[in-house]
Amino acid sequence: MAILAVVLLLLLSIGIAVKVFDHKRKREDEALSLQSQISDALLLDGSLAGLPITAVADRSLWGRSPVVVAITGTVPTPEQREAVMRLVAQELSRRHAFARTEDRLVVDPLTQKQTARPL
């Protein structure tokens with residue numbers, strides 16, 4: 001009887017571990033999908049395509065916590081910074097309404113000269 005209880009407990013713990021791992025994998029896949037959609041939107045915008053901007057989505061294991069999308073990089077003007085954040089907000093409202101953004105963009109006027117330089 002004790003052996004049967006140990007085997008059932010072992011099977012139950014393995015089942016729980018598999019469910020937790022699968023849940024974690026699904027949450028990571030959703031975050032990566034959202035990250036790639038935002039990156040694609042930034043690349044498709046002609047005025048922002050040449051700028052070194054990166055979107056990184058992070059999602060907690062807990063289901064109720066929002067996705068946090070950190071936007072990092074350098075832009076030449078405050079207007080472009082606002083354009084980037086506006087585009088990201090539009091994409092998030094379409095794809096994931098409960099996501100939260102973190103603005104980690106740096107305004108550096110020298111960026112425009114570096115990206116406009118011919119190869």
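**Reading salt bridges and a core**

Me: Where do Arg-94 and Glu-91 lie, and how many residues apart are they?

Reply: Both sit in helix α2, three residues apart, which is about one turn of the helix. Keep in mind that this is a predicted model.

Me: Is Arg-94 buried or exposed? And Glu-91, buried or exposed?

Reply: Buried means under 20% relative accessible area, and exposed means over 50%. Arg-94 has 56%, so it is exposed. Glu-91 has 6%, so it is buried.

Me: How many salt bridges does the count come to?

Reply: Seven. Glu-102 takes part in one with Arg-100, at 3.9 Å, and in one with Arg-104, at 2.5 Å. Elsewhere, bridges with shared partners link Asp-22, Arg-25, Lys-26 and Asp-29 into one network.

Me: What about the largest nonpolar core: how many residues does it have?

Reply: The general idea is that nonpolar side chains tend to be buried together in soluble globular proteins. Here the largest nonpolar core has 21 residues, and those with the most contacts inside it include Ile-38, Val-69 and Leu-92. The elements giving two or more residues to this core are α1 (2-44), β1 (53-58), β2 (68-75) and α2 (78-95).

Me: Which residues does Val-69 touch?

Reply: Leaving aside residues up to four places away in sequence, Val-69 touches Leu-34, Ile-38, Ala-55, Val-56, Ala-57, Leu-92, Arg-100, Thr-101 and Glu-102. Two of those names, Arg-100 and Glu-102, are the salt-bridge pair at 3.9 Å.

Notes:
Residues are numbered from 1 along each chain as its sequence is written. This is a predicted model: local features need pLDDT of at least 70, side-chain atom pairs count only at pLDDT 80 or more; totals for chains, interfaces and linings use all residues. Side-chain values use heavy atoms; hydrogens and water are left out. A nonpolar core is a set of buried Ala, Val, Leu, Ile, Met, Phe, Trp, Tyr and Cys residues joined through side-chain atoms within 4.5 Å. Buried means under 20% relative accessible area, exposed over 50%, partly exposed in between (1.4 Å probe, protein chains only). Helices (H or I, at least four residues) and strands (E, at least two) are DSSP runs, numbered from the N terminus. Contact means heavy atoms within 4.5 Å. A salt bridge is a side-chain nitrogen of Lys or Arg within 4 Å of a carboxyl oxygen of Asp or Glu.
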